[in-house]
Amino acid sequence: LEEAEAAFALLSPRFASLGDNVALCSLECVWVVTLQQLLARSSTVEAATLDQATRRLERVAALLRGLHGASLERLAARDDGAWRERAVYVRLHLLQGALRLYRGEAHDARSDLARAESLRQELSICPHDQPKIASLLELGVPLRSARAALLATGKDVTRAAEFALTRHAAEVAEFALTR
C-alpha cells in the first residue's frame, strides 16, 4: 500500500484532479497503513507516525476539496445528492479525529468525530425517517427506491417523491424502447 501511495505521488496533479480515484485510493492507503502502524504500537505511538499520517490525510483532503469544492458545493449541485461521494468524508473525518485523539488534541478530535457522526446520520436512514419511507411507499415507490431517493435528496420527502417517480418513468420509457 505504501508503494501504491508512492506511485500516486508521481502522478501529475493535472491527472490526479480529473477524478476521485487517486484521492479514494490514497485515503484507503492512509487508512490501512495508519491503522496497521497504530495497532502494531498499541500502547505508544511515535509522533513521526502521527505526523506522517496527518500529512497524508491533508493531501487526501486537498485532493477532495479540489474535486468537490471547499464546502462540497460541487456535490450539492448534483441531482442525485452524491451520497456515495459524501460518505468518503465520514471516513476522512473519522480518521482525522482518531489521529487527533492519539495526539492528545481532544477538542479538535471531538469536532472531527462529531462531523463524521453528523454526516453519517445524514447519509443513513434512521428510525425517525420511517414516516417519510411510508409516504413514498404509499405513492407506489418500492422500498429500495424510496430509501435511495430519500438519501439522494437530503431526506426531503417531496423532492424524494419527485426523484423516485421521475427515475421510475425514465426506467419504464427505457424498457419500452428496448422491447
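**Figure 1. Helix α3 in a predicted model.** Helix α3 covers residues 21-40. At 1.5 Å a residue, its 20 residues should span 28 Å, and the end C-alpha atoms are 28 Å apart, which agrees. The expected span of a helix is 1.5 Å times one less than its number of residues. Helices (H or I, at least four residues) and strands (E, at least two) are DSSP runs, numbered from the N terminus. The buried residues of α3 are V22, A23, S26, L27, C29, V30, W31, V33, T34, Q37 and L38. Buried means under 20% relative accessible area, exposed over 50%, and partly exposed in between (1.4 Å probe, protein chains only). This is a predicted model, in which local features need pLDDT of at least 70, side-chain atom pairs count only at pLDDT 80 or more, and totals for chains, interfaces and linings use all residues. Residues are numbered from 1 along each chain as its sequence is written, and side-chain values use heavy atoms, with hydrogens and water left out.

**Figure 2. The whole chain.** The chain has 10 helices and zero strands. Its radius of gyration is 20 Å, well over the 16 Å that the globule rule gives for 179 residues, so the chain is more spread out than a compact globule. The radius is taken over C-alpha atoms, and the globule rule is 2.2 Å times the number of residues to the power 0.38. Along its principal axes, the C-alpha trace spans about 60 × 40 × 25 Å. Of the 179 residues, 35% are buried. The accessible surface of the chain comes to about 11100 Å². Carbon and sulfur atoms hold 56% of that surface. Accessible areas come from the Shrake-Rupley method with a 1.4 Å probe; for residues, only the protein chains shown count as cover. Contacts between residues 24 or more positions apart account for 57% of those with a separation of 6 or more. Contact means heavy atoms within 4.5 Å.

**Figure 3. Helix α6 and its cover.** The 20 residues of α6 should span 28 Å at 1.5 Å a residue; the end C-alpha atoms are 29 Å apart, which agrees. Buried residues of α6 include R86, Y89, H93 and Q96. Among the others are V88, V90, L92, L95, G97 and L99. The cover over these buried residues includes α3, α4, α5 and α7. Just after α6, G104 takes a positive phi of about 85 degrees.

**Figure 4. The salt bridge between D51 and R103.** The closest N and O atoms of this pair are 2.8 Å apart. D51 lies in helix α4 and R103 in the loop between α6 and α7, so the pair ties together parts that are 52 residues apart in sequence. D51 is partly exposed, at 28% relative accessibility. R103 is also partly exposed, at 35%. A salt bridge is a side-chain nitrogen of Lys or Arg within 4 Å of a carboxyl oxygen of Asp or Glu. Side chains of opposite charge can pair when their charged atoms come close.

Figure 5. R100 and D112 form a salt bridge, with the closest N and O atoms 2.4 Å apart. R100 lies in helix α6 and D112 in helix α7, so the pair ties together parts that are 12 residues apart in sequence. R100 is partly exposed, at 31% relative accessibility. D112 is buried, at 3%. A network of salt bridges links D51, R100, R103, E105 and D112. A search of the whole structure finds eight salt bridges.

Figure 6. The side chains of K155 and D129 meet in a salt bridge, 3.0 Å from N to O. The pair links distant parts of the chain, 26 residues apart. K155 sits in the loop between α9 and α10, and D129 in the loop between α7 and α8. K155 and D129 are both buried.

**Figure 7. A nonpolar surface patch.** L11, F15 and L18 form this patch, with about 310 Å² of accessible area together. Patches are made of residues with over 30% relative accessible area and no salt bridge; like charges are joined within 9 Å, and nonpolar side chains (Val, Leu, Ile, Met, Phe, Trp, Tyr) within 5 Å. L11 lies in the loop between α1 and α2. L11 is partly exposed, at 35% relative accessibility.

**Figure 8. A77 and L177.** A77 is in the loop between α5 and α6. A77 is exposed, with a relative accessible area of 64%. A77 and L177 are 100 residues apart in sequence. Their C-alpha atoms are 30 Å apart in space.
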